[in-house]
Amino acid sequence: MSPSSLHRLPTPAARLDDVLSELAARFASTAVAHDADGTFPHDNFALLHRYGLIAQVVPAAHGGAGVGLAEARRIIAAVAGSDAATALVLTMTYLQHRAIGRADSRWPDAVRQQVFRSAVEQGGLINSLRVEPDLGSPARGGLPGTVATRVGDRWRLCGHKLYTTGIPALRWLAVWARTHEPEPRVGIFLVPKPDAETPGIRVIESWDHLGLRASGSHETVFEDVWIPLENAVDIRPPAAWAPAGGSQADIDANADQQAWMVALLGSLYDAVARAGFDWIREFVRERAPGSLGKPLATLPRVQESIGEIAALLRVNQVLLDDIAARSDAGAPPLPADSGLLKYTVTSNAIRAVELALQLSGNHGLSRHNPLQRHYRDVLCSRIHTPQNDAILTAAGRVALGV
């Protein structure tokens, strides 16, 4: 099947299904090796660009498809079912494209157009760099240690970021930093990364985690990196970044962005669990121990566990379809409700793979089978913001009215 300009026109469902099916098979064929070696799947992103899938969320006015959340999550789920690390990097690019493509985005038009043009024409990826060794996640509060100093008509950026997912292939780095001013402002400084030799950018290849091993989530150090003045794309007083600290437009944008983040990450980890479900169903149909004389699938306790997994994944489907439909209709849920959806969907995904492991025994933990990889990947869902303690604390406060 030859690629077409999927990024320029809305894609017929059947055509997109064919493309996703083809790519999923290709990604699955290399996922084991990338996971084992911790290597970044550059070829996957070349294919995603070839078929126009990197630019799907880019607004149509900028050459993309301008798809909504329902379509974006369908793409992420299809990719995640074969290679979760690839899906995570694509998810982060989709989230950035959504944030800067809204009509109320504060980004300068010229800078925004550069990002979109690179996605459409070159498959340029973008991600937000926020977590730091001392600060931790900005969602927990505090000023970043990464500092931007204005010198004439440029900014000089210095700092150290952790977990910079996709850094081996990112074209743009949306860096969370504070200004070097008497009253510091905080926000996003866009750093171009055209190649591995960008002056002042140093990547420490430290990513060696249990799951999502091929995501290239290394550390990135900025040592006197110079960017144009207009690349301070969104800087504000710290209080203006609080959930209710900005204008009504900011509050609405936050709700929309939270819904997209929860739905895409939820779809990713739900897809990982579904891949595990596919494997365990095939396993119990084929596995027939000599002591039993028939397949495990004939046992009532196995059927009950398979039914429990099906129930967990059915709940996920309903919740994810609902948040996508509401968001595409312009009525995303409140951030606290989106958080509860993330908690439920990811908890269900983890539980589903745990049940599959219980049914498979040692077979599921063998590195020759994919179930152990799905389990390691799905556990990473607990780490993404908002994290479970923050979600439940916020929900508790709402319930108690405090």
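## Trp176 and its surroundings

Trp176 has a relative accessible area of 6% and is therefore buried. The model is a predicted one. On the face of the Trp176 ring lies Arg130, at 4.2 Å from the ring centre.

Trp176 also forms an aromatic pair with Trp241, edge-to-face, with 4.9 Å centre to centre and 80° between the planes. Trp176 belongs to strand 4 (residues 170-179), while Trp241 is in the loop between strand 8 (232-236) and helix 6 (248-286), so the pair ties together parts 65 residues apart in sequence. Trp241 has 25% relative accessibility and so counts as partly exposed.

Arg171 has its charged end over the ring of Trp172, 4.3 Å from the ring's centre.

## Helix 3 against helix 7

Helix 3 (residues 69-80) and helix 7 (residues 300-328) have axes that come within 8 Å and cross at roughly 140°. The two helices are therefore oblique to each other.

On helix 3 the contact is made by Leu69, Ala70 and Arg73; on helix 7, by Gln317, Leu320, Asp321, Ile323, Ala324, Ser327 and Asp328. By class, the contact of helix 3 with helix 7 has five nonpolar, two polar and three charged residues.

Definitions and conventions:
Residues numbered from 1 in each chain as written. Predicted model: local features only at pLDDT ≥ 70, side-chain atom pairs only at ≥ 80, totals over all residues. Heavy atoms only, no water. Axes fitted to C-alpha atoms, helices over the stretch in contact; angles between N-to-C directions. Helix = DSSP H or I, 4+ residues; strand = E, 2+ residues; numbered from the N terminus. Parallel < 35°, antiparallel > 145°, perpendicular 65-115°, else oblique. Contact = heavy atoms within 4.5 Å. Nonpolar A, V, L, I, M, F, W, Y, C, P; charged D, E, K, R; others polar. Phe/Tyr/Trp six-rings, centres within 6.5 Å; stacked < 30°, edge-to-face > 60°. Buried < 20%, exposed > 50% of the residue type's maximum accessible area, 1.4 Å probe, protein only. Lys NZ or Arg CZ within 6 Å of the ring centre and 35° of its normal.
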